[in-house]
Structure formats: structure tokens, C-alpha cells
Amino acid sequence: MTGQRLDKWLWCARAVKTRSAATRLIADGKVRINGERVRKPSRIVQLGDVITATPPGRLVVWRILDAADRRGPAPLARTLYEDLTPPADETEGGPAGEARVGARPTKKDRRRIDTFRSFWS
């Protein structure tokens, strides 16, 4: 592999759905190569480069193992990189970091909660 454009590599590795989405991600400053922020989608990536990206709602850290001439199926895309993403903490509940306890409230529970809140307000 002599090198490949960053936006094309992200698209082939299925980090994003379209190349224009990859370009937006890069232009917004949400992609780093070897710790340096990248602003141009035409940046050439090489074997062994470490890409840190923050697509909406997640963090990915990948080491480039190969390049692809065109986008293929997901199993082939997974051979393009080694996943170095740190495991998510068990204490984090979701994107806002709040932990959920139990199931969602039922309609009856919701009415009780609303009554309780109106009583104390």
C-alpha cells in the first residue's frame, strides 16, 4: 500500500456511510491521525497509522492494516483495521452518562410520578 485518501479509507472501512459524511467529519476536526488533528480529506494515510475519530455518539481508535480499492462487505472492511478502542465503562448509561435502573416506567407509573411532582411544586 502506497497510501490512500483519508476520506476514502474511512468510507471503505465503513466508519461512515458516504464519502461526503467522511469529508464533513474531517472538516469538523473530529479525526486525528497519530494524535494530530486533520482538516483535509485528501490527507494520505499509510499502513500503521492510528486513526482516532469521534463519529456521532461514539469514539473509535483504529490502526490501519490495509487499504481497499473499493467499498466491500462489512467482513472485508473489518480486515482493514485493528480496533484499539478502549472498552466502555460499565458505569456509563448512555450518551449523557446517566445510568438506567430498572425498566421504563409504565403509563400507570408515569401518572404517579406526575402526581407526585405536581404535589411538591
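Trainee: Of the 121 residues of the protein, what percentage count as buried?

Mentor: Buried means under 20% relative accessible area, exposed over 50% and partly exposed in between, with a 1.4 Å probe and protein chains only; here 26% of the 121 residues count as buried. This is a predicted model, in which local features need pLDDT of at least 70 and side-chain atom pairs count only at pLDDT 80 or more, while totals for chains, interfaces and linings use all residues. Residues are numbered from 1 along each chain as its sequence is written, and side-chain values use heavy atoms, with hydrogens and water left out.

Trainee: How many helices and strands does the secondary structure come to?

Mentor: Helices (H or I, at least four residues) and strands (E, at least two) are DSSP runs, numbered from the N terminus. The protein has four helices and seven strands, and from the N terminus on its elements run β-α-α-β-β-β-β-β-α-β-α.

Trainee: Which residues of helix α2 are buried?

Mentor: In α2, which spans residues 19-27, the buried residues are A21, A22, L25 and I26. Seen down the axis of α2, they fall within an arc of 140°, so they line one face of the helix; the arc is that of the directions from the helix axis to the C-beta atoms. With contact meaning heavy atoms within 4.5 Å, the buried residues of α2 pack against α1 and β2 (31-33). Just after α2, G29 takes a positive phi of about 80°.

Trainee: Is D7 buried or exposed?

Mentor: D7, found in helix α1 (residues 6-12), is buried, with a relative accessible area of 3%. Not counting residues up to four places away in sequence, D7 touches R19, A22, T23, I26 and P41. The side chains of D7 and R19 are also joined by a polar contact of 3.4 Å, that is, a pair of N or O atoms within 3.5 Å in which, within protein, one must be able to donate a hydrogen and the other to accept it, and residues adjacent in sequence count only if both atoms are side-chain atoms.

Trainee: Where is W120 found, and is W120 buried or exposed?

Mentor: W120 is found in helix α4 (residues 107-120), and W120 is exposed, with a relative accessible area of 62%.

Trainee: What share of the contacts in the protein with a separation of 6 or more comes from residues 24 or more positions apart?

Mentor: Among contacts with a separation of 6 or more, residues 24 or more positions apart account for 42%.
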